[in-house]
Amino acid sequence: RCRLFRCPLPSLERSELRARGRLWNGTFLEEFLDVENLELIVRAGVSVTSPRGNVVIKDAEAQMSVSLHLDPGVAVTGVPWWVLPLAALLGLLLLALLVLGLWKLGFFRRARAPVPAVPRFRAVRIPWEER
């Protein structure tokens, strides 16, 4: 895929311009998995818009070729579909076992407030009819 970059240059005090680029392994392994050899052509050009017109640029365009030799054996394929549901089920099973163990140890029991020590008096029971 071609990408176009534009960079404003405030001053041209140096006699050379340098550009750096990076090629990520993952990009080529994902997009060009069935290709063993790949050749990239990098083109760069410099143009100046000056109202005076007195700027002359020699070698305003450059082209470079980069050869890539991909090893399909290194490519890491995606995770099989059955691994994700299995991992989710094992996680839920582990959570259930953890909750069951904590429940057996009494972790979820409510703390009971101690009964206040109220003095007990001997009371006489009055029948309902006499009230």
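**View 1. An aromatic pair in a predicted model.** Rings of Phe, Tyr and Trp (its six-membered ring) count as a pair if their centres lie within 6.5 Å; planes under 30 degrees apart are stacked, over 60 edge-to-face and the rest tilted. By this rule there is one aromatic pair. The ring centres of phenylalanine 107 and phenylalanine 108 lie 5.2 Å apart with their planes at 85°, so this pair is edge-to-face. Are the two residues buried or exposed? Phenylalanine 107 is exposed, at 57% relative accessible area, and phenylalanine 108 is partly exposed, at 46%. Here buried means under 20% relative accessible area, exposed over 50% and partly exposed in between, with a 1.4 Å probe and protein chains only. This is a predicted model, where local features need pLDDT of at least 70 and side-chain atom pairs count only at pLDDT 80 or more, while totals for chains, interfaces and linings use all residues. Residues are numbered from 1 along each chain as its sequence is written, and side-chain values use heavy atoms, leaving out hydrogens and water.

**View 2. Helix H2 and what follows.** Helix H2 covers residues 83–104, 22 residues in total. From first C-alpha to last, H2 reaches 31 Å, close to the 32 Å expected at 1.5 Å a residue, the expected span being 1.5 Å times one less than the number of residues. Just after H2, glycine 106 takes a positive phi of about 85°. UniProt, in an unreviewed entry, places a "transmembrane region" at residues 81–103; such annotations may be inferred rather than shown by experiment. Over residues 81–103 the chain is 91% helix and 0% strand, and the end C-alpha atoms are 34 Å apart.

**View 3. The surroundings of leucine 23.** Leucine 23 sits in the segment before H1. What does leucine 23 touch? Leaving aside residues up to four places away in sequence, its contacts (heavy atoms within 4.5 Å) are Phe28, Leu40, Val66 and Leu68. Leucine 23 is partly exposed, with a relative accessible area of 47%.

**View 4. The whole chain, for orientation.** The protein has two helices and two strands, in the order α-β-β-α from the N terminus. Helices (H or I, at least four residues) and strands (E, at least two) are DSSP runs. The average pLDDT (the predictor's confidence in each residue, from 0 to 100) is 78, and 82% of the residues score at least 70. Of the 131 residues, 5% count as buried.
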